[in-house]
Amino acid sequence: MNKPINIFWFRRDLRLEDNAGLYHALNDGSAVLPLFIFDKNILDKLPKDDARVTFIYQTIQELKEELQKHGSDLLVKYGKPEKVWPEILKEYNVEEVYTNHDYEPYARERDDSMAEFLTSEKITFRTFKDQVIFEKNEILKADKTPYTVFTPYYKQWHAKLNDFFIKAYPTRKYFKNFLETEHLPLPTLKEMGFEKSQLDFPKISYKSKLDDYAKERDFPALDSTTRIGLHLRFGTLSIRKAVKDAIEAKSNVWLSELAWREFYMTILWHFPYAAFDSFKKQYDKIKWRNNEKEFKAWCEGNTGYPIVDAGMRQLNETGWMHNRVRMVVASFLSKHLLIDWRWGEAYFAEKLLDYEMASNVGGWQWAAGSGNDAAPYFRVFNPELQTKRFDSKFEYIKKWVPEFGTKKYAQPIVEHKFARERVLKVFKEALS
Ligand SMILES: Cc1cc2nc3c(=O)[nH]c(=O)nc-3n(C[C@H](O)[C@H](O)[C@H](O)COP(=O)(O)OP(=O)(O)OC[C@H]3O[C@@H](n4cnc5c(N)ncnc54)[C@H](O)[C@@H]3O)c2cc1C
């Protein structure tokens, strides 16, 4: 039998620097072979030109190049993990498998069954916290139950934060422990049924934004937010580094946004049903109208509400939408059009480069009123007032809706006052 090795399994932590699980693997003593699986259970549900697959693919290529410089390589497989793992065990003499925690329902199921399988093969499966500062039960109320409201959660999160939790894992010191190997093959995007996306991916360059973030972040015409969601999603940026930079820049508002991300992840961990059902269960009694024609108009940015249409077109064209506008379009779909928030959530999930299940479900349920720390149901965003406050010169709107102000622009799909009264009535009926 070949010499025993350990495997580090990359998933949503695609970096060599400051990676918790990788650090522990490299410190274990045995040579480490890194692995990435293009998971058919996930990929089979995605459109063929999914930009995130291109992003992952490019990142995998970069990881391979970097590992090859160190005399090693990344083992890349394409298939379902439950089929891929037995094949790997035929090829390699594996002693231990290292990976990082993942809190989404599918990932938890996958990891539970992989742990069971590997244990039955006498292989140790070790997992670590990496993508958040605090996870699972680390921030709890005095009665040991999870917080469902952000403000007190954040108070404790912030009080607990210290240098220990944001210290980088010095992986580089141990790169000599990667398994020495010849170059390993990489399936092409085409072989996996995907096309290369033409979308641009935001770079990791956020420091210059932090000083004015608190002042400017709500104005969608300004390029004042950091666009690091994609990098936090796939781990091309370490959360410890981001938090450290926030503290150094004294950007407390941005720091609290990073904590919102963890808050939603913790909610998803404790309440996995809320990925699919309303967090507040009585909201599942709402009688949605679910008009398909209106949904299509919303998706395409043709509702006749300029701020909504600008947002949807920005999403369709770039894979990103400004946070303020995400709130407006989500409120518009679930309240003005009375379309089930799950439809909007699914559309965002398909289009957003920074799609994160916990934050997306959290954001949608916040807007619809059904979430854990949500806007009250009677708060119906007025798109016109939102425009007055946040895009008063129509700069954002004109950028994405060039026909705005001309005869070619769509008529409003529904009248605001009528829609507001309708939603209040329907919600009240369901919730009383
Ligand atoms: C309906 C709706 C859906 C959303 N879907 C997602 C999603 O799928 N993925 C996602 O990362 N965010 C989501 N958000 C939150 C927020 O809109 C985005 O994180 C933000 O717009 C991303 O842009 P940025 O990277 O420039 O963020 P910045 O404003 O620069 O913030 C930095 C990072 O902090 C985190 N963050 C900021 N605001 C929030 C927030 N409200 N909730 C959770 N995390 C936050 C993100 O990781 C973000 O990248 C959603 C919000 C709403 C209202």
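Helices (H or I, at least four residues) and strands (E, at least two) are DSSP runs, numbered from the N terminus. With that in hand, we can walk through the structure. What you're looking at is a predicted model, where local features need pLDDT of at least 70, side-chain atom pairs count only at pLDDT 80 or more, and totals for chains, interfaces and linings use all residues. Residues are numbered from 1 along each chain as its sequence is written, and side-chain values use heavy atoms, with hydrogens and water left out.

Let's start with the sheet. It is an open one, with five strands in the order β3-β2-β1-β4-β5 and parallel pairing. Two strands count as paired if DSSP finds at least two bridges between them. At the edges sit β3 (75-79) and β5 (124-128), each of which pairs on one side only. On average, neighbouring strands here are turned by 25 degrees against each other, direction ignored. For angles like this, axes are lines fitted to C-alpha atoms (for helices, over the stretch in contact), and the angles run from 0 to 180 degrees between N-to-C directions.

Now zoom in on β4, which spans residues 94-100 and pairs with β5 in the parallel sense over five bridges. β4 also pairs with β1 in the parallel sense, again over five bridges. Glu96 is a handy residue to look for: it stands opposite Thr124 in β5, and it is also the bridge partner of Asn6. Further along, Asn100 has Phe128 in β5 as its bridge partner. How many of the residues of β4 are buried? Six of its seven are, so to speak, under cover, where buried means under 20% relative accessible area, exposed means over 50%, and partly exposed is in between (1.4 Å probe, protein chains only).

Next, find helix α4, residues 81-91. This helix lies across β1 (5-10), β2 (32-39), β3 and β4, and runs at about 140 degrees to β3. Glu82 belongs to α4, and with a relative accessible area of 42% it is partly exposed. Not counting residues up to four places away in sequence, Glu82 touches Asn41 and Met114; contact here means heavy atoms within 4.5 Å. For a sense of distance, the C-alpha atoms of Glu82 and Trp320 are separated by 33 Å, and the two residues are 238 apart along the chain.

α14 (residues 323-336) and α17 (residues 383-390) pack at an angle of about 170 degrees, with their axes 11 Å apart. That is why the two are called roughly antiparallel to each other: angles under 35 degrees count as roughly parallel, over 145 as roughly antiparallel, 65 to 115 as roughly perpendicular and the rest as oblique. On the α14 side you'll find Arg324, Val328, Phe332 and His336, which meet Pro383, Gln386 and Phe390 of α17. Sorted by class, this contact has four nonpolar, two polar and one charged residues. (Ala, Val, Leu, Ile, Met, Phe, Trp, Tyr, Cys and Pro count as nonpolar, Asp, Glu, Lys and Arg as charged, and the others, Gly among them, as polar.)

What about the inside? In soluble globular proteins, nonpolar side chains tend to be buried together. A nonpolar core is a set of buried Ala, Val, Leu, Ile, Met, Phe, Trp, Tyr and Cys residues joined through side-chain atoms within 4.5 Å. The largest one in this model has 87 residues, and Trp157 and Trp298 have the most contacts inside it. Helix α11 (residues 252-270) gives the largest share, nine residues. Leaving aside neighbours within four places in sequence, Trp157 is in contact with residues including Ile133, Phe134, Leu255 and Glu262. Apart from this core lies another, of 33 residues, with Leu14, Ala51, Met192 and Leu353 among them.

Finally, a few loops. Ser251, between α10 (239-248) and α11, counts as buried at 6% relative accessibility. Glu356 sits in the loop between α15 (341-351) and α16 (357-368), and at 7% relative accessibility it counts as buried. Most residues other than glycine have a negative phi. Lys144, though, has a positive phi near 70 degrees, and Leu338 has one near 50 degrees. Lys144 is in the loop between β5 and α6 (150-160) and is exposed, at 65% relative accessible area. Leu338, in the loop between α14 and α15, counts as buried at 1% relative accessibility.
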